[in-house]
Amino acid sequence: MQGSARAWAVWAVGLSAYVVAVLHRTSLGVAGLDAQARFDIGAGALASFAVLQLLVYAGLQVPVGLVLDRFGSLRLVVTGALVMASGQALMAFADGVTGAVLARVLVGAGDAMTFISVLRLVPQWFPSRRVPVVTQLTGLVGQLGQVLSAVPLAALLAGPGWTTAFVSTSAAGVFVAIVATVALHDTPDRRVNSGEAVTVRQLGDDLVGAWRHPGTRLGLWTHFTTQFPGTVFALIWGYPFLIAGEGLSRGEASTLLTLFVLTGMTAGPVVGVLVQRHPLRRSWLVLGVIGANAVGWGLVIAWPGRAPLQVLVLLVLALGLGGPGSMIGFEFARTFNPPSRLGTATGIVNVGGFVASLLSILLIGLILDARTGGQAGYDIVDFKVAMSVQYAIGAIGLIGILRTRRLARARMAADHGVIVRPLREVLAERGWFSGERIGKG
């Protein structure tokens with residue numbers, strides 16, 4: 001029965017696969033300085049590792065979404081875990097840039113299969129009233145993988161060293177693949193739930209239909225704008241910024257990264273409940289998260305010299321809201337699209353934040369290299385200049401949100417047989433709230 005103990009058990013299995021996927025995804029962040037020393041590379045080259053990983057991840061989201069609609073979650077979760085494990089094993093023994101690049105490509109490819117596959121399990125196993133909260137929990141409890149990167153993986157890098165650290169993460173991937181093979185079920189009725197065979201034309205129609213709905217694009221721009229500041233911080237540049245820029249110890253930096261994760265885990269259920277109770281105010285929650293991120297970085301960048309620890313804590317708390325905010329993008333996808341193309345729509349939304357992340361990561365690396373001549377001797381001013389580029393990326397996303405929100409509201413009015421006059425007037429006449437009305441899903 002949906003929502004039963006069995007549902008929570010299946011969800012926990014999928015969630016464990018996502019936790020380990022986040023560990024793989026963020027492992028380069030705590031290993032960034034070690035990677036520069038091991039491969040003798042500068043900030044731009046290090047950034048290219050993460051950019052390539054995210055490029056593969058983002059590029060595969062729509063194809064994976066289409067495959068997910070056809071073949072179900074189980075097969076993709078297991079395949080993704082094994083692909084990531086092979087990438088981490090390769091990274092453990094890589095002694096040159098070529099091997100490291102291929103390793104991150106494999107991590108990006110396996111990671112692309114995991115999150116949306118786990119997310120698809122939620123509406124299959126839980127009643128609709130619980131979906132917003134469980135969706136938030138999926139995204140945010142999964143961020144425990146960042147804690148695994150920030151604490152045990154960082155300790156392994158500082159102690160036994162590079163090879164032991166990455167072999168251990170590879171072993172974790174193999175373990176969750178085995179657990180998923182044994183215990184994961186696509187639906188309460190079927191272990192493996194394959195969709196109907198579809199033609200290339202049908203796949204194209206699903207993709208076009210999902211993209212044309214402004215609600216899907218609103219989800220994409222929501223994910224684009226809210227997710228990237230935290231991803232940039234956790235995936236690669238937060239650890240070097242805190243250590244080389246702000247002068248913190250490895251232990252202090254790991255503690256702040258852990259606080260970042262715990263903030264998201266604490267805020268996530270709250271955001272989920274707010275979305276559940278006030279579905280017509282979702283976009284205002286998104287705008288609030290964007291504002292918090294902008295203020296957090298503004299305080300650090302404007303502070304003369306190195307910021308005190310209290311200000312860095314405020315930054316981390318603000319960035320921690322980005323994960324919960326980005327999950328609202330998937331709620332837009334779910335409520336504005338029919339179940340038959342949910343995987344496709346979710347994949348489109350998930351592209352957003354990672355495209356923004358890879359652009360930010362690359363630009364930050366290039367700016368750091370330009371200011372230091374490709375050497376690793378960064379100071380706080382170098383980081384402040386480089387981190388400021390995030391405001392340009394955020395402005396692009398904010399424009400996208402405001403535009404698609406207006407289009408989504410107009411589409412709703414049209415779908416309900418209304419000739420679109422000023423939408424505020426239409427909503428007032430029909431007794432609607434002034435926010436966006438949720439679609440059927």
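Q: At roughly what angle do the axes of helix H3 and helix H4 cross?
A: In this predicted model, local features need pLDDT of at least 70, side-chain atom pairs count only at pLDDT 80 or more, and totals for linings use all residues. Residues are numbered from 1 along each chain, and side-chain values use heavy atoms, without hydrogens and water. The axes of H3 (residues 43-71) and H4 (residues 73-93), being lines fitted to C-alpha atoms over the stretch in contact with angles from 0 to 180 degrees between N-to-C directions, come within 7 Å and cross at roughly 130°.

Q: Which word describes how H3 and H4 lie to each other?
A: Angles under 35 degrees count as roughly parallel, over 145 as roughly antiparallel, 65 to 115 as roughly perpendicular and the rest as oblique. H3 and H4 are therefore oblique.

Q: Which helix gives the largest share of the lining of the second largest cavity?
A: A cavity is a set of points on a 1 Å grid where a 1.4 Å probe fits but cannot get out, with lining residues having an atom within 4 Å of a point. Leu68, Ile116 and Arg334 are among the residues that line the second largest cavity, and H5 (97-125), H14 and H15 each supply at least two. The largest share, four residues, comes from H5.

Methods. On a 1 Å grid over the protein atoms alone, a cavity is a set of points where a 1.4 Å probe fits but cannot get out, and a pocket is an open set with protein on both sides within 12 Å along at least five of seven lines; lining residues have an atom within 4 Å of a point.
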